[in-house]
Amino acid sequence: MTMAAQQNNPHEFLIGGGFGLSSLKYANSEACLGGSVDLGYAYNFNKHIALSSGISFDLLSTKTKNNSLTTQELIHIPAYAVFGDDRFDYNADIKGFVETQKVQYLSIPLMIRYQTKLKSIGTLYGMGGLKFGIPVNAEFDQKIDQYTTTGYSYLTRQTHKNEEEYGYSTYNDQETKGSLDLGFNIAIALEAGYAWNLGDDCKLYTGVYMDYGLNNIAPDKKAEIITYNPEQITTPEMNSITTSVDKINTMSFGVMIRLSINLSLKSSTKMLKFKKM
């Protein structure tokens with residue numbers, strides 16, 4: 001596109017997506033496949049600088065594995081309160097822990113792009129800014145080979161184990177699924193690559209991207225992976241590992257492909273009026 005054409009037609013509409021690795025970053029988390037689908041608009045102030053925004057549907061996934069974990073939860077047994085001390089330590093030794101998390105965010109990016117013509121066939125570009133994301137779905141899938149629960153009474157100063165009727169036992173091949181209560185995400189977004197000219201009003205952007213969360217999205221409600229269940233003491237509750245960590249940040253990186261079409265708003269309006277006639 002020539003400089004004159006770009007100045008006369010600064011409105012740019014974009015559609016595309018990214019694919020790569022993503023993660024909810026916390027201790028021992030592993031990056032898994034992720035990506036995004038984007039719809040956007042850019043306003044070109046001149047042949048170099050543009051401001052872009054739009055809507056992005058982002059998918060992030062993470063896995064965490066640990067062969068040996070130990071948890072401890074301080075609980076209160078109301079029935080013991082009359083004897084002077086109702087505190088109880090509820091402990092769990094966990095073997096063969098695996099959990100995956102999948103999260104979808106609906107994000108609004110706000111980016112500044114700088115581009116410069118490198119050759120007659122295209123343009124070198126770089127862009128950066130922020131993405132503001134609302135979680136629309138977040139789920140976890142957890143498997144544990146074995147966990148053993150024990151209890152310690154502060155009143156009797158005794159350790160309780162192998163008492164299945166009170167929830168102190170060994171549980172094998174346990175699985176659970178559920179939803180995650182993650183927070184609003186603010187991420188710094190970077191992208192760079194090459195834009196190929198497909199015509200006077202059309203470009204194909206190909207590049208690499210990286211998004212990194214600036215704020216903590218960990219659940220406000222905290223809980224251990226295995227917790228005491230007062231409603232059914234013989235069946236402990238299983239929770240996502242994300243409820244036991246203090247800080248979680250998002251991260252994703254990969255390749256981006258985006259189709260760009262420059263449309264004149266005046267021409268589009270005239271075309272719509274002509275069709276109505």
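User: Leaving aside its neighbours within four places in sequence, what is Ser169 in contact with?
Analyst: Ser169 is in contact with Tyr147, Thr148, Thr149 and Glu164. Keep in mind that this is a predicted model.

User: OK. Where is Ser169 found?
Analyst: In the loop between β6, residues 158-160, and β7, residues 170-179.

User: Does Ser169 count as buried or exposed?
Analyst: Ser169 counts as buried, because its relative accessibility is 15% and the cut-off for buried is under 20%.

User: What about Asn162, where is that found?
Analyst: Asn162 is also in the loop between β6 and β7. Asn162 is exposed, with a relative accessible area of 68%. Its phi is near 55°, a positive value in a residue other than glycine.

User: Which residue has a positive phi of about 70° although it is not a glycine?
Analyst: That is Asn28. Asn28 sits in the loop between β1 (11-25) and β2 (29-44). Asn28 counts as exposed, at 53% relative accessibility.

User: New topic, strands. How many bridges join β1 to strand β12?
Analyst: There are 14 bridges, and the two strands run antiparallel. Strand β12 covers residues 249-262.

User: In which sense do strand β9 and β12 pair?
Analyst: In the antiparallel sense, over 11 bridges. Strand β9 spans residues 202-213. Here Tyr209 stands opposite Gly254 in β12.

User: And how do side chains alternate in a regular strand?
Analyst: As a general rule, they alternate between the two faces of the sheet.

User: Let's do salt bridges. How many does the count come to?
Analyst: The count comes to six salt bridges. One of them joins Asp38 and Arg258, with the closest N and O atoms 3.5 Å apart. That pair links distant parts of the chain: Asp38 is in strand β2, Arg258 is in strand β12, and they are 220 residues apart.

User: Are Asp38 and Arg258 buried or exposed?
Analyst: Asp38 is buried, with a relative accessible area of 10%. Arg258 also counts as buried, at 10% relative accessibility.

User: What does Glu191 form a salt bridge with?
Analyst: Glu191 forms one with Arg258, and the closest N and O atoms are 2.9 Å apart. This pair also links distant parts of the chain. Glu191 is in strand β8, residues 185-199, and Arg258 is in strand β12, 67 residues away. Both Glu191 and Arg258 are buried.

User: Which residues do the shared partners join into one network?
Analyst: Asp38, Glu191 and Arg258.

User: And which residue does Asp85 form a salt bridge with?
Analyst: With Arg87, where the closest N and O atoms are 3.0 Å apart. Asp85 is buried, with a relative accessible area of 16%. Arg87 counts as partly exposed, at 32% relative accessibility.

User: Last one. Where does Asn229 lie?
Analyst: In the loop between β10 (226-227) and β11 (237-238). Asn229 is buried, with a relative accessible area of 10%.

User: Which backbone atoms lie 3.1 Å from a polar atom of the side chain of Asn229?
Analyst: The backbone nitrogen of Glu231 does, and so does the backbone oxygen of Thr235. Not counting residues up to four places away in sequence, Asn229 touches Thr235, Pro236 and Glu237.

How values were computed
Residues are numbered from 1 along each chain as its sequence is written. This is a predicted model: local features need pLDDT of at least 70, side-chain atom pairs count only at pLDDT 80 or more; totals for chains, interfaces and linings use all residues. Side-chain values use heavy atoms; hydrogens and water are left out. Helices (H or I, at least four residues) and strands (E, at least two) are DSSP runs, numbered from the N terminus. Buried means under 20% relative accessible area, exposed over 50%, partly exposed in between (1.4 Å probe, protein chains only). Contact means heavy atoms within 4.5 Å. Two strands pair if DSSP finds at least two bridges between them. A polar contact is a pair of N or O atoms within 3.5 Å; within protein, one must be able to donate a hydrogen and the other to accept it, and residues adjacent in sequence count only if both atoms are side-chain atoms. A salt bridge is a side-chain nitrogen of Lys or Arg within 4 Å of a carboxyl oxygen of Asp or Glu.
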